[in-house]
Amino acid sequence: MRTEAQAVVIGGGVIGCSILYHLTKLGWSDVILLERDELTSGSTWHAAANIHGLHDSTNISRIQHYTMTLYNELEDETGQSCGVFQPGSLYLAQTEEREHQLRLQAAKAKLYGMNFYEISIEEAQRLNPMVNYDGIRCVMYEPDGGNVDPSGVTNAYAVGARQRGADIHRFTPVTATDQQDDGTWIVRTPKGDIQTPWVVNAAGLWGREVAKLAGIELPLQPTEHQYFVTETMADVEGADRRLPSVSDRDGEYYLRQEGQGLLVGAYEKNMKFWAEEGTPLDFAHDLFPDDLERIEENMMNAIERVPAVGEAGIKRVINGPMIWSPDANVLMGPVPEMDGYFCCNGIIPGFSQSGGMGLMAAQWIIEGETQYDMFAWDMARFDGWATKEFTKARVQDQYAHRFAIHFPNEERSAGRPARVRPIYEIQRDMGAVFGLNAGWEHPLWYADTPGATDTNGFIRQNWWEPVGKECRMLRDRAGIIDISNFAKYRCKGPGAADWLNAVFANNMPKTVGRSCLTPLISKRGGIAGDFTVTRVAEDEFWVIGSGLAERYHKRFFKQVPLPAGTTWESQTEAMCGFNVAGPKSREMLQRMTNASLATADFPFMRSAMIELGGVEVLALRVSFTGDLGWELHCKTEDQAQLYAALLEAGKEVGAGPVGSRALMSLRVEKGYGSWSREYSPEYYPQEVGLDRLCKTQKDFLNKQAALEVMAKPAREQLVLLQLDEASVTASNADATGGEPIFKDGKGIGRVTSGAYGYTVGMSLALGFVKDAGPGDEVEIMVLGQPHRAKILPAPPFDADGSILRA
């Protein structure tokens with residue numbers, strides 16, 4: 001066995017073998033895979049192995065589409081059969097909401113050139129005559145859908161990797177992973193040790209145990225999962241072709257042909273955890289006892305839809321383990337706090353995603369970044385707040401609602417609250433309806449009475465009118481927004497300015513009391529983040545960024561060594577914040593302080609330490625609402641006192657609390673982008689209007705990549721669009737993000753954010769388009785149906801910035 005390697009992959013399931021294969025495909029041949037038992041042990045061997053292309057996330061759809069296409073290529077390349085069957089898949093909608101979801105997916109498929117489209121009930125009946133289509137509102141067809149052979153696919157990846165020089169060692173358990181002083185790792189096994197700069201944890205059911213060898217706690221929890229295969233069925237045996245699979249998610253089961261019978265699987269409400277204290281090391285090709293009573297309700301739904309299922313005998317039952325993350329997405333990426341440790345754990349639809357997941361992992365390890373923005377999969381979206389209790393509660397919810405629609409703006413309550421601020425109960429008693437942001441509870445909107453909850457759907461919901469009231473209150477008078485969930489940092493020391501200048505693309509403020517906006521540039525030259533940096537002393541800076549991305553951004557910050565005597569510390573838990581904005585915000589705040597807030601004394605993009613309502617705060621003259629306003633940051637222990645003072649002062653000018661849904665509407669009225677929507681590593685600075693903040697006269701992180709991409713023409717441009725009021729009124733729906741944009745029947749872009757602009761009387765959307773500009777008429781596929789829209793030449797609120805700077 002080699003004693004050195006470019007990377008060591010731990011785990012010989014389909015994902016580990018795919019990562020190994022893609023590492024070799026991108027040029028690394030000195031790579032090793034270690035498997036404690038036989039390849040496919042754990043979850044891989046007993047998987048139903050269905051494949052499908054469409055997902056609510058556009059980038060995950062791209063990855064699944066790549067995977068489906070790869071399998072046939074893999075067979076040709078390696079000579080190893082993947083057992084690919086692609087008779088197509090039928091997607092059934094029983095409800096209006098499911099119809100909206102499927103039509104939106106069909107519109108995305110058209111935009112991205114994927115094969116997924118609506119067919120008539122008659123055509124569906126011809127394709128699969130075993131199905132009872134009564135009550136079905138619409139049917140979508142994916143001609144490439146189907147299934148593969150789990151062992152065949154895994155071995156094809158393994159053969160392909162070996163052909164390019166990789167080594168695979170079966171029956172070679174990893175006993176330790178020890179990081180060395182130089183950042184490399186020693187991977188220890190009974191057969192010898194291997195030194196490597198990259199450890200890749202793809203250990204499946206044992207992902208938690210392998211992570212613990214390096215001192216890492218992963219939020220993962222296994223469950224049982226069942227499917228059964230029927231005896232031979234006459235309708236299947238007598239068909240002249242393989243029947244397409246059936247995705248009846250409203251019925252909460254899946255169904256496809258297996259041999260001359262049918263395979264039926266379910267995600268039952270009465271789910272069952274497994275291995276809560278750790279996965280047994282002697283578990284391999286094992287199964288659990290049958291427990292079909294747990295999925296009886298799902299089985300009855302399947303029988304109602306395909307009556308022949310109820311008449312067939314059961315040939316075999318598979319009851320095996322799966323391992324889940326809290327949101328059912330993979331935990332993927334380098335551990336931000338470590339060098340050279342890569343995770344790829346908690347994969348559920350492994351055979352729909354294995355190829356794309358392997359490609360993304362290989363790109364990340366070798367090239368430093370994936371070609372797509374994969375924050376939805378990034379392990380950095382969770383941190384220590386995702387405790388074992390939280391993880392179990394979320395996994396239970398995810399499993400039991402596996403086929404439920406994930407609606408726009410939906411907030412699920414399982415496992416919450418995980419983290420709260422001192423004023424949480426005060427806000428709750430005021431009627432706050434909370435959302436989850438990096439573990440924190442933060443107010444989305446305020447109901448008239450406490451105890452209200454969101455309704456969910458694709459059309460306007462119960463919060464639509466209350467959010468409008470909050471927006472109008474702020475624009476007419478003032479509003480108080482809790483922004484404590486923003487990430488906050490302090491950089492202090494003699495090298496603070498130099499370090500920040502080396503990290504961020506803009507020039508750091510040279511004068512105490514001044515602020516700047518700055519991008520953080522990614523490895524490929526895109527936008528890794530956007531920050532506000534304020535110089536609060538000669539050797540001290542205050543930095544504010546996305547709270548959701550705080551752990552993600554650690555990877556970038558640690559790439560530039562801190563100068564001696566200089567510190568960089570998160571203040572997100574130690575400090576809280578409020579944004580007070582609106583035309584009466586100055587009048588309101590001035591009553592609470594002796595410091596002058598007049599424009600001449602406190603202009604836009606300035607800061608000062610002031611006393612406000614008896615609390616010392618860092619006041620910044622900025623506002624994400626686009627209105628006159630201040631951000632006010634105080635110690636966490638002072639939050640309740642400051643909030644009480646703000647609410648009391650607000651009464652005198654007719655101001656009150658405002659939630660984050662209103663903030664979304666207000667910032668879209670102003671045309672402001674936000675991280676993970678308009679700002680992402682996929683987008684170049686000139687495409688989002690941030691190129692002017694990239695000061696190329698100095699050096700900064702990933703400057704060369706920024707220079708290269710900014711030298712190219714913009715591939716597409718961020719624009720603000722106004723939807724036709726009649727179209728919006730007819731559908732009772734606004735854009736929310738992800739909707740394709742078409743012009744003259746041709747796909748030209750997609751929406752990234754959408755909201756109703758209550759104070760400008762417009763349904764608005766931010767999005768990226770190509771070959772279109774201000775004044776052009778386009779169509780946005782809201783609910784998957786065309787809604788007329790036009791590209792605006794300027795934001796409808798305060799286009800010249802005079803209100804913001806007043």
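Me: Two strands pair if DSSP finds at least two bridges between them; which residue in strand 36 is the bridge partner of Arg750?

Reply: This is a predicted model, in which local features need pLDDT of at least 70 and side-chain atom pairs count only at pLDDT 80 or more, while totals for chains, interfaces and linings use all residues. Residues are numbered from 1 along each chain as its sequence is written, and side-chain values use heavy atoms, with hydrogens and water left out. The bridge partner of Arg750 in strand 36 is Phe768.

Me: What makes strand 35 and strand 36 a pair, and in which sense do they pair?

Reply: Strands here are DSSP runs of E with at least two residues, helices are runs of H or I with at least four, and both are numbered from the N terminus. Strand 35 and strand 36 (residues 762–769) are joined by 8 bridges in the antiparallel sense, and these 8 bridges meet the requirement of at least two. The two strands form a hairpin with 4 residues between them, and Gly761 in its turn has a positive phi of about 65 degrees. Strand 35 also pairs with strand 34 (residues 740–743), again in the antiparallel sense, over 4 bridges, and in that pairing Lys743 has Lys746 of strand 35 as its bridge partner. The hairpin of strand 34 and strand 35 has 2 residues between the strands, and Asp744 takes a positive phi near 55 degrees.

Me: Why is strand 35 described as largely enclosed by the rest of the structure?

Reply: A residue is buried under 20% relative accessible area, exposed over 50% and partly exposed in between, with a 1.4 Å probe and protein chains only. In strand 35 (residues 746–757), 10 of the 12 residues are buried, and therefore the strand is largely enclosed by the rest of the structure.

Me: How do you know whether Pro793 is buried or exposed?

Reply: The relative accessible area of Pro793 is 72%, which puts the residue in the exposed class.

Me: Why is helix 2 called roughly perpendicular to helix 9?

Reply: Axes are lines fitted to C-alpha atoms, for helices over the stretch in contact, and angles run from 0 to 180 degrees between N-to-C directions. Angles under 35 degrees count as roughly parallel, over 145 as roughly antiparallel, 65 to 115 as roughly perpendicular and the rest as oblique. Helix 2 (residues 58–78) and helix 9 (residues 350–367) pack at about 100 degrees, with their axes 7 Å apart, and they are therefore roughly perpendicular to each other. Contact means heavy atoms within 4.5 Å, and among the residues that meet are Ile60, Ile63 and Tyr71 in helix 2 and Phe351, Met357 and Met360 in helix 9. By class, this contact has 9 nonpolar, 7 polar and no charged residues, where Ala, Val, Leu, Ile, Met, Phe, Trp, Tyr, Cys and Pro count as nonpolar, Asp, Glu, Lys and Arg as charged, and the others, Gly among them, as polar.

Me: What makes helix 1 roughly perpendicular to helix 2?

Reply: The axes of helix 1 (residues 14–25) and helix 2 come within 14 Å and cross at roughly 75 degrees, which makes the two helices roughly perpendicular. Tyr21, His22 and Lys25 in helix 1 meet Tyr66, Leu70, Leu74 and Glu77 in helix 2, and the residues of this contact divide into 4 nonpolar, 1 polar and 2 charged.

Me: What makes strand 8 and strand 18 edge strands?

Reply: They belong to an open sheet of 6 strands in the order 8-2-1-12-19-18, with mixed pairing. Strand 8 (167–169) and strand 18 (331–334) each have a single partner strand, so one side of each is left without a neighbour in the sheet. The twist averages 15 degrees from one strand to the next. Within this order, strand 1 (residues 7–10) and strand 2 (residues 31–34) pair in the parallel sense over 4 bridges, and Ala7 stands opposite Val31. Helix 9 lies across strand 12 (199–201), strand 18 and strand 19 (341–345), at about 20 degrees to strand 18.

Me: How do you know that the buried residues of helix 13 are on the same side?

Reply: The buried residues of helix 13 (residues 496–503) are Ala496, Ala497, Trp499, Leu500 and Val503. They cover an arc of only 165 degrees around the axis, which puts them on the same side of the helix; the arc is that of the directions from the helix axis to the C-beta atoms.
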